[in-house]
Amino acid sequence: MNVMTQIRAEEAAPPASDQSPSVPFRVVIGSIAILWFLNFAFITIRAILLDFEYQGELVFLRLQLFAIAVALTLGLWVIIRLFDRFRLPVRVGVAVVVALPVALCLAQASVTLFTPINERIITERAEAENVPLRRNEEGQLELDTAAIRASAGSDQADNTAPPAKSRFAGSRWQQLIDTGLGHYFVMLAWCALYFAMLAGERARMAERREAEFRAAARAAELRSLRYQVNPHFLFNTLNSLSSLILTGKNDRAEAMLQTLAEFYRQSLNDAPTADVTLEEEIALQRLYLEIEEMRFPKRLRTAIDVPEELLDLRVPGMILQPLVENSVKYGVARSTGPVTITISARQEYGRLVVSVTDNGPGLKDGAGEAHGTGIGLANVRQRLHARFGEEAHIVSGVTGDGYATHLRIPVNTDV
């Protein structure tokens with residue numbers, strides 16, 4: 001797709017200023033899944049290396065916890081994304097506060113899932129070591145110190161002593177706090193990742209907005225330069241028509257008007273910033289030269305030398321118009337003999353080279369200097385720079401038998 005097609009597409013799209021930067025949902029869910037999968041993988045590998053028992057059951061439980069963690073973190077995202085438009089300190093504060101209850105909920109799920117298998121492991125080990133267990137008021141397993149003392153021959157008074165506080169597992173609150181803190185810092189790490197992704201989206205949106213502004217400015221500049229050509233040409237043509245009418249050459253004036261109408265019909269078919277094929281551009285210049293031949297029937301000659309394989313290449317619309325006008329104005333109008341204006345094209349080193357030459361008076365009477373310093377040539381140079389930047393070049397000057405201008409532009413076949 002060429003630059004002008006891109007400009008038109010961007011003009012049709014909603015402006016970036018109407019959109020608020022946000023991280024795509026697929027990126028959010030992907031980052032959450034990756035983070036918790038890495039956590040799952042790390043714990044599983046650690047358990048395998050430490051040769052924990054019940055690996056099959058533990059992996060299944062970890063997968064359940066993985067799904068719950070993803071769901072809870074997604075809920076955390078639903079909340080913190082409401083503050084995307086706020087400043088970073090506010091967003092960080094919200095994340096720090098909201099992540100804590102979410103982490104505790106995940107810790108509760110973890111304790112609920114893993115408590116049965118943990119107690120089974122503890123019970124089996126206690127039975128293997130003949131260690132008596134009991135459940136306290138909190139429902140936690142602990143050493144039955146009274147039974148231990150009784151079996152050791154302790155007296156009755158000792159049996160009434162309070163049980164020791166050493167347990168195989170801490171209280172439920174201790175487990176929640178211990179597990180929750182680990183999950184809390186993982187959640188905060190994901191929040192930091194989300195804020196980084198959001199900053200990246202904002203930077204990309206700023207770049208897109210800047211590109212849209214540049215494209216709009218470039219399109220406006222191209223339109224301005226294109227519109228500058230049309231009045232200039234129309235002014236010259238109307239002067240020619242006036243001369244024909246004043247001299248009583250009404251038939252030629254009528255033919256010129258018809259050709260002028262056809263010229264404008266074709267030139268106005270395309271958008272001001274659109275590219276056209278080289279064939280269309282040359283056809284347009286033929287119409288213009290037909291108009292000028294009515295003014296200079298004995299002096300103006302035209303030659304077109306463009307290989308057929310180059311006719312489909314695209315060039316900025318009416319880019320040759322000021323150059324052909326210059327050849328008519330400074331070459332034909334100031335000459336007393338026949339002058340041939342030649343439009344030629346060739347492909348050279350990956351560039352399209354289009355030339356407009358004439359064998360007019362050249363430097364005679366200062367014509368050559370004026371030939372290359374008018375508004376028309378400056379217009380072409382500015383349009384090429386706006387359209388192609390540094391990739392296009394224009395060279396013009398006096399030759400041995402007249403004047404020549406060569407445009408060197410990138411080969412463009414995009415429609």
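**Overall architecture and nonpolar cores of the predicted model**

The protein chain contains 12 helices and nine strands, where helices (H or I, at least four residues) and strands (E, at least two) are DSSP runs numbered from the N terminus. The structure is a predicted model, in which local features need pLDDT of at least 70 and side-chain atom pairs count only at pLDDT 80 or more, whereas totals for chains, interfaces and linings use all residues. Residues are numbered from 1 along each chain as its sequence is written, and side-chain values use heavy atoms, with hydrogens and water left out.

The mean pLDDT (the predictor's confidence in each residue, from 0 to 100) of the protein chain is 78, and 73% of its residues reach 70 or more. Residues 154-169 stay under 50, with 25 contacts in the model beyond four places in sequence; a contact denotes heavy atoms within 4.5 Å. The pLDDT is also below 50 over residues 365-369, a stretch with 11 contacts beyond near neighbours in sequence. Where pLDDT is low, the predicted coordinates should not be read in detail.

Of the 415 residues in the protein chain, 39% are buried, that is, under 20% relative accessible area (1.4 Å probe, protein chains only). Among contacts between residues at least 6 apart in sequence, 73% join residues at least 24 apart.

The largest nonpolar core comprises 44 residues, of which Leu278, Leu320, Leu352, Leu384 and Leu407 touch the most other members. Such a core is a set of buried Ala, Val, Leu, Ile, Met, Phe, Trp, Tyr and Cys residues joined through side-chain atoms within 4.5 Å. Elements supplying at least two residues each include helices H7 (172-246), H9 (278-295) and H12 (375-388), together with strands S6 (339-348) and S7 (351-358). The largest share, eight residues, comes from H9. Leu278 touches Val306, Leu310, Leu311, Leu313, Val315, Ala345 and Val354, residues up to four places away in sequence not being counted. A second, separate core of 33 residues includes Val70, Ile80, Tyr184 and Trp190.

Helix H2 (residues 25-49) has 25 residues, which at 1.5 Å a residue should span 36 Å; the end C-alpha atoms are 36 Å apart, in agreement. The expected span is 1.5 Å times one less than the number of residues. Buried positions in H2 include Val28, Trp36 and Phe40, and just after H2, Asp51 takes a positive phi of about 60°. Helix H3 (residues 55-80), with 26 residues, reaches 36 Å from its first C-alpha to its last, close to the 38 Å expected. Among the buried residues of H3 are Leu58, Arg62, Val70, Trp77 and Ile80.

Methods
Buried < 20%, exposed > 50% of the residue type's maximum accessible area, 1.4 Å probe, protein only.
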